[in-house]
Each structure stands twice: as structure tokens, then as C-alpha cells.
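Thanks for coming. Please have the model open while I talk.

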Amino acid sequence: MAFGTLYLIPAPLGEGELDWILPVGVQQRINLLERFIVEHPKTARHFLKQANPLRAVQVLKLEVLNEHTPANEIEALLAPLLAGEDVGLLSEAGCPAVADPGGVLVRRAHRKHIRVVPLVGPSAILLALMASGLNGQRFRFHGYLPIDLAERAKKIAQLEKTSLAADETQIFIETPYRNQKLLEALVQQCHVKTSLCVACNLTQADELVLTRTVHEWQQGNWPELHKKPTVFLLYAQKQAQ
């Protein structure tokens with residue numbers, strides 16, 4: 001028996017028309033699937049209802065995979081694929097397996113020789129990099145910075161040093177309610193010539209992308225980032241370009 005295919009389904013980064021975010025072909029593929037592995041069932045059902053309003057979401061089969069899923073339960077999630085059924089892996093927002101717990105499932109799928117197909121959709125990390133104007137040839141994503149203030153300060157210094165030495169954009173995120181504090185720390189700690197970009201509420205009506213040197217950020221007039229999904233990008237350079 002042939003194995004099923006694991007489709008990696010990007011989800012919107014917020015509310016809005018799906019046609020603006022997901023190609024028609026991707027929406028059609030979603031509509032062919034009956035089984036999904038999701039991070040949060042409630043938000044997954046909301047998205048799937050948007051993607052296919054003609055099908056009752058109650059008939060869909062949803063399994064949960066999140067940061068609390070025990071490692072020994074991953075094999076059970078692969079069982080339908082091994083039995084020949086196609087399955088969609090759905091992230092909470094953005095692309096599955098990128099800063100997302102779905103990565104472990106994809107890795108296990110490859111070990112089982114299950115076909116993995118990534119579908120086109122929004123990635124906050126890449127959208128932020130595209131719009132930042134910073135180095136898109138060399139970049140690195142670090143996920144979340146440390147919560148402890150001393151450790152965070154140490155990490156920021158390390159990121160700036162690495163960016164300068166490698167000519168490399170450093171990308172990271174923060175829990176939305178701590179965004180403003182992180183921006184303050186970056187502006188206080190980084191060199192005045194370092195470029196800092198904030199990309200907030202990407203793909204939404206109030207989307208905001210600002211790239212300024214630290215010196216310019218120090219002049220004030222900061223955007224309100226509290227509780228808004230934001231990507232931070234740092235690029236240290238000897239001379240502003």
C-alpha cells in the first residue's frame with residue numbers, strides 16, 4: 001500500500017480575505033483533505049471553515065500537535081499517512097514547521113519515507129526580511145530571545161557582534177506583550193549605526209514595517225507594538241548604506 005502525503009498548509013497571520021493570502025490551488029488542495037494535524041483545534045476550525053465554507057467542519061478529523069505533545073505520541077499521528085491517507089499539517093499562523101512544533105512531525109515523516117509537500121503561503125519571517133531592506137543574502141532566525149534581562153542583554157550583544165562580523169541580518173521574535181520592552185532594550189543597547197527593523201501585523205490592514213538606525217530610533221516617535229505580532233530584524237554595519 002502506498003503511503004499518504006503530508007501537506008504543509010500555511011495559515012493566515014490574522015484575519016482577512018484568503019484569496020489575498022493563499023493561492024487558489026492551495027485552497028483547492030485543502031478542500032480535498034479530510035484529516036488535519038493542528039496546533040489549536042478552535043482556530044484551525046475557523047480557518048478551515050473560511051477555506052471551505054461548503055463543508056461542515058464537524059466532519060473533519062483533527063488531531064492536536066503542539067509544544068505539549070509527548071514525543072511518544074508522534075508515531076500515532078503518522079499512522080493515517082502510513083495507511084495511505086493524505087493529511088494536512090496546519091500551523092497556528094504562518095508556515096508549518098518554521099518556528100512551529102510541527103517540525104518534529106515533518107522530520108519523523110521523512111524517516112518513514114512519507115512524501116512531504118509544502119504549500120505556498122505567508123511566512124512572517126520572510127515577509128519581514130523582504131520588506132526590511134536589510135541583508136537578504138545572509139540572515140539567521142533565532143526564535144525568541146531569553147526572558148531574563150541579563151541573559152537577554154547578553155544575547156543582544158552577541159547578535160549585534162555576529163551581524164557585524166558575518167555581514168548577516170539577525171531575525172527574532174518576542175511574545176507580543178513584551179514587544180515594547182524588547183524594542184526599548186534594543187535601542188538602549190545597540191550601536192547607533194546598527195539598523196533595526198520592526199515588522200508588525202504583517203498582511204493585516206494596519207501592517208507596519210519600519211527600518212531605522214538605532215540613532216533614529218533614539219529620537220522617539222515609536223509605534224505601539226503591545227500585543228501585536230512583530231518580527232524584529234537587526235543588521236550591524238560599519239557604515240550605513
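**Packing around one phenylalanine**

Leaving out residues up to four places away in sequence, phenylalanine 36 touches Ile9, Ile30, Leu48, Leu60, Lys61, Leu62, Glu63, Val87 and Gly88, where contact means heavy atoms within 4.5 Å. Before I go on: this is a predicted model, in which local features need pLDDT of at least 70 and side-chain atom pairs count only at pLDDT 80 or more, while totals for chains, interfaces and linings use all residues. Residues are numbered from 1 along each chain as its sequence is written, and side-chain values use heavy atoms, with hydrogens and water left out.

Phe36 is one of the residues with the most contacts inside the largest nonpolar core, along with Ile9, Ile30, Phe47, Leu48, Leu62 and Leu90. That core has 21 residues. By nonpolar core I mean a set of buried Ala, Val, Leu, Ile, Met, Phe, Trp, Tyr and Cys residues joined through side-chain atoms within 4.5 Å. Buried is under 20% relative accessible area, exposed is over 50%, and partly exposed is in between, with a 1.4 Å probe and protein chains only.

Which elements supply at least two residues each of this core? They are β1 (5-9), α1 (24-32), β2 (35-38) and α2 (41-51). Helices (H or I, at least four residues) and strands (E, at least two) are DSSP runs, numbered from the N terminus. The most comes from α2, with four residues. There is also a second, separate core of 18 residues, and Leu145, Leu196, Leu225 and Leu234 are among them.

Helix α3, residues 74-82, has Ile74, Leu77, Leu78, Pro80 and Leu81 buried. These residues cover an arc of only 145° around the axis, which puts them on the same side of α3; the arc is that of the directions from the helix axis to the C-beta atoms. They pack against β1, β2, β3 (61-64), β4 (87-90) and α4 (103-111). Just after α3, glycine 84 has a positive phi of about 105°.

Helix α6 runs over residues 149-166, which is 18 residues. From first C-alpha to last α6 reaches 25 Å, close to the 26 Å expected at 1.5 Å a residue; the expected span is 1.5 Å times one less than the number of residues. Its buried residues are Arg152, Ile156, Leu159, Glu160 and Ser163. Seen down the axis of α6, they fall within an arc of 95°, so they line one face of the helix. On the other side of α6, Ala150, Lys154, Lys161 and Ala165 are exposed. The buried residues of α6 pack against β6 (139-144), β7 (169-173), α7 (179-189) and β10 (230-235). After α6 comes aspartate 167, with a positive phi near 50°.

Last, the aromatics. How many aromatic pairs does the structure hold? One. Rings of Phe, Tyr and Trp (its six-membered ring) pair if their centres lie within 6.5 Å; planes under 30 degrees apart count as stacked, over 60 as edge-to-face and the rest as tilted. In phenylalanine 172 and phenylalanine 232 the ring centres are 6.0 Å apart and the planes at 5°, so the pair is stacked. Phenylalanine 172 lies in β7 and phenylalanine 232 in β10, so the pair ties together parts that are 60 residues apart in sequence. Phenylalanine 172 is buried, at a relative accessible area of 0%, and phenylalanine 232 is buried, at 0%.
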